[in-house]
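Look at the structure first, then read on.

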Amino acid sequence: MSQELQQLSKARDAFARGEWDVARRSLELASEDAPLSLPDLEILSRSAWWLGDVQRSMSLSEEIFHRLDNDHQAQAAARTALTLSMQWGIRGNLAVSSAWLNRARRLLENMPEVPEHGYLLYLEANDAMNLEGDPRPALAASVSLKEMTRRHDSPELASFGYMLSGLAAVRTGQSARGFQDLDEAMLPVIAGQVSAEWGGDIYCSIIHLCYEMADFARMRAWTDALATWCAGLSQSFMYSGISRVHELQLLGTEGHWGQVEAEMPHEAERLRNAHGWIAADGYCELGEIRRRRGDVAGAESAFALARGLGVDAQPGSALLLADAGKTDAAVEALRAALADRGTLGRAGLLLPLVELLAPRDPGAAATHCLELEQTAAFYGTPGFLAWAHHARGALMMEERRWAEAMNELESAAQTYRSQHMRYELARIHERLATVRASRGETGRAEAERATAAAIRNQLGAKHISWTAPPREPGGLTSREVEVLGCVLAGSSNRQIAKSLTISEKTAGRHLANIFTKIGVTSRTAAAAWAHQHGIPERPGS
């Protein structure tokens with residue numbers, strides 16, 4: 001047997017055993033003497049993919065496509081083009097992805113129905129849903145795919161059909177039914193009936209959906225499942241790295257910032273040329289942690305890397321501006337990002353907008369808060385509901401409606417706690433400290449403040465981003481609010497003077513100013529106004 005044939009035989013045997021590196025080296029040696037056959041070229045491409053060299057694998061796949069096309073093997077060429085379309089899409093290059101999809105469409109248009117028509121249908125429906133925000137083509141395609149599954153006995157088409165129906169159901173507010181279908185879509189993947197390229201993308205799509213919907217408990221379950229699936233295949237291939245990025249996103253939410261700082265730069269860089277939007281998600285997570293730690297330059301660098309991969313890095317980039325006191329620029333950036341996103345994508349921008357606008361433009365803040373509440377009610381995920389309570393609590397604080405603010409903030413805190421969202425929980429404790437202090441609950445306010453400080457110190461957070469305490473209602477001064485609180489408690493001018501350590505004449509002058517500012521003429525009317533605007537009682541001595 002010649003040396004070339006020995007290398008080819010060695011490569012084929014190694015590939016069958018899952019020894020990707022041996023297979024690649026042997027095929028590369030054999031290719032020095034003569035061009036590889038199509039089957040051997042496919043083994044080389046697959047070996048490179050399993051070893052994590054996605055660029056090399058895709059380059060080889062393009063060569064395979066052209067050989068198949070020249071040999072008039074239309075069905076196999078179409079399958080290769082469809083896989084390349086999917087791979088270019090996840091790298092973030094939608095123009096090239098679309099070009100490969102068009103090549104597959106051209107090859108399949110005059111061909112009797114084959115499973116590749118189902119792949120084409122799946123990618124087209126996914127594009128309509130993800131790029132245009134329209135789930136209707138996905139629902140129609142899911143029905144066609146399930147019918148094709150019966151005709152072709154194809155587990156992959158079954159998985160695609162349930163993926164589309166599940167994603168569409170979730171996006172139309174039917175989360176429970178949608179995730180049931182997504183669970184069904186995973187069964188052929190878990191059983192090894194779906195190729196790893198497509199199975200990995202299915203895992204990623206579901207996990208990203210959970211992340212986008214701020215459903216971190218469900219995201220943890222799917223990320224654990226992805227890690228288990230990867231462990232049974234290969235630690236070197238792309239989806240092992242993707243699994244780790246998702247794990248680091250969750251660790252960031254839970255407050256393990258040091259671990260994320262240590263690992264995320266390497267993991268995101270590893271995926272830059274293989275899975276662009278996952279790499280961008282990793283850079284966004286890294287940038288947000290750095291921002292919260294006060295590392296402005298590091299945060300800007302991470303957000304810039306995300307933008308270089310086609311992701312707008314919001315709300316993190318805008319919040320950097322807000323942290324620097326550039327609130328108008330931050331609001332403008334968030335509003336620009338809103339215009340480019342669908343309902344799901346907008347949700348993550350609405351809470352920052354409410355908090356930034358509440359002290360400056362309460363009407364606009366209320367509009368964004370209402371949208372967030374409607375989105376949360378539609379999708380019903382824990383994270384969205386917590387954000388909605390958080391936003392409403394911020395508005396109630398601005399209006400000095402302390403009791404209502406406390407109820408909203410405590411509801412947000414409960415969910416943040418259950419979802420292990422530690423930084424957000426610290427921000428709520430900061431707000432609750434202000435609310436309790438305004439209600440005269442000094443001891444409880446200090447306890448809330450101490451809890452926030454303890455979490456902040458554990459995280460290494462330099463500051464908690466939140467707006468300044470709200471202005472006094474009606475244009476009153478802080479002293480006039482204290483006087484009005486005494487009036488609300490039924491105190492006389494003499495009792496007010498003694499309680500506040502001022503003269504009785506000064507107490508009377510404050511009361512006259514209060515009557516003028518709030519437009520009343522009696523103590524009873526002033527007390528009613530104080531109650532309506534959340535002024536806490538201040539019993540006199």
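Contact here means heavy atoms within 4.5 Å. The model is predicted.

## Helix α19 against α20

Helix α19 covers residues 343-357, and helix α20 covers residues 362-379. Their axes come within 9 Å and cross at roughly 145 degrees. The crossing of α19 past α20 is left-handed.

On the α19 side, the contact uses Thr 343, Leu 344, Arg 346, Ala 347, Leu 350, Leu 351, Leu 353, Val 354 and Leu 357. They meet Pro 362, Ala 364, Ala 365, His 368, Cys 369, Glu 371, Leu 372, Thr 375 and Tyr 379 of α20. Sorted by class, this contact of α19 with α20 holds 13 nonpolar, three polar and two charged residues.

## Helix α19 against α21

Helix α21 spans residues 382-398. The axes of α19 and α21 come within 9 Å and cross at roughly 25 degrees. That angle makes α19 roughly parallel to α21. Here too α19 passes in a left-handed crossing.

From α19 come Leu 344, Ala 347, Gly 348, Leu 351, Val 354 and Glu 355. From α21 come Phe 384, Trp 387, His 390, Ala 391, Ala 394 and Leu 395. The contact of α19 with α21 has nine nonpolar residues, two polar and one charged.

## Helix α11

Helix α11 runs over residues 196-212, 17 residues in total. From its first C-alpha to its last, α11 reaches 24 Å, close to the 24 Å expected at 1.5 Å a residue. Is α11 mostly covered or mostly open? Mostly covered: 13 of its 17 residues are buried.

Just after α11 sits Ala 214, with a positive phi of about 55 degrees.

Technical notes:
Residues numbered from 1 in each chain as written. Predicted model: local features only at pLDDT ≥ 70, side-chain atom pairs only at ≥ 80, totals over all residues. Heavy atoms only, no water. Axes fitted to C-alpha atoms, helices over the stretch in contact; angles between N-to-C directions. Helix = DSSP H or I, 4+ residues; strand = E, 2+ residues; numbered from the N terminus. Left-handed = near helix turned anticlockwise from the far one by under 90°. Nonpolar A, V, L, I, M, F, W, Y, C, P; charged D, E, K, R; others polar. Parallel < 35°, antiparallel > 145°, perpendicular 65-115°, else oblique. Expected span 1.5 Å × (residues − 1). Buried < 20%, exposed > 50% of the residue type's maximum accessible area, 1.4 Å probe, protein only.
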